[in-house]
Amino acid sequence: AADPDLFSTLNVYAAVCSRSGRNKEALEAMNLAMGAAEELFGLKSAAVATQLFHTSLIYLRSARGSKEPKELLDQATAQLQQCLSIRSEMHGLESEEVAATAQLLGSVSF
């Protein structure tokens, strides 16, 4: 069973890594936290949508410093599309959560 404390710790660790420019480590921690979120809250939960959103931000940060950003941008897009799907289903198309996700997804396209 997933441990809620480990879930929280992994997210804090990922944030510290990302802010320190250690995006690869941050993504590893986020992926572990994603598995915990899915187990703790379900595949289509607000927690999983939030994990997807924040993971996409790390992919975007990684793309900024990359010589070949396309794969990282594709990963960010995939994460955001999944997040958008969950948030649309949970909150409706007119929600603030959907708007924020759609806005970030649109910015990735440019």
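**Figure 1. Surroundings of R87 in the predicted model.** R87 touches A49, T50, F53, G92, E97, V98 and T101, leaving aside residues up to four places away in sequence; contact means heavy atoms within 4.5 Å. R87 itself lies in helix α4. Helices (H or I, at least four residues) and strands (E, at least two) are DSSP runs, numbered from the N terminus. R87 is buried yet has no salt bridge, and the nearest side chain of opposite charge, E97, is 6.7 Å away. Buried denotes under 20% relative accessible area, exposed over 50%, and partly exposed in between (1.4 Å probe, protein chains only). A salt bridge is a side-chain nitrogen of Lys or Arg within 4 Å of a carboxyl oxygen of Asp or Glu. Lys and Arg count as positive and Asp and Glu as negative, whereas His and the chain ends are not counted. The structure is a predicted model, in which local features need pLDDT of at least 70 and side-chain atom pairs count only at pLDDT 80 or more, while totals for chains, interfaces and linings use all residues. Residues are numbered from 1 along each chain as its sequence is written, and side-chain values use heavy atoms, with hydrogens and water left out.

**Figure 2. The salt bridge between E89 and K44.** The search of the whole structure finds three salt bridges. One of them joins the side chains of E89 and K44, at 3.3 Å from N to O. This pair links distant parts of the chain, with E89 in helix α4 and K44 in the loop between α2 and α3, 45 residues apart. E89 counts as exposed, at 57% relative accessibility.

**Figure 3. The salt bridge between K70 and D74.** The closest N and O atoms of K70 and D74 are 2.9 Å apart. Because the two residues are four residues apart in helix α4, K70 and D74 are separated by about one helical turn. K70 is exposed, with a relative accessible area of 57%, whereas D74 counts as partly exposed at 40% relative accessibility.

**Figure 4. The salt bridge between E25 and R22.** E25 and R22 form a salt bridge in which the closest N and O atoms are 2.9 Å apart. E25 is partly exposed, with a relative accessible area of 30%. R22 is also partly exposed, with a value of 34%.

Figure 5. G21 lies in the loop between α1 (4-19) and α2 (23-41) and is exposed, with a relative accessible area of 54%. The C-alpha atoms of G21 and R61 are separated by 8.5 Å, although these residues are 40 residues apart along the chain. E68 is placed in the loop between α3 (46-64) and α4 (70-91) and counts as exposed at 67% relative accessibility. From E68 to A100 the C-alpha to C-alpha distance is 26 Å, for a sequence separation of 32 residues.

**Figure 6. The chain as context for the close-up views.** The chain has five helices and zero strands. Its radius of gyration is 14 Å, close to the 13 Å that the globule rule gives for 110 residues, so the chain is as compact as a globular protein of that length. The radius is taken over C-alpha atoms, and the globule rule is 2.2 Å times the number of residues to the power 0.38. Of the 110 residues, 38% count as buried. Among contacts with a separation of 6 or more, 55% are accounted for by residues 24 or more positions apart.
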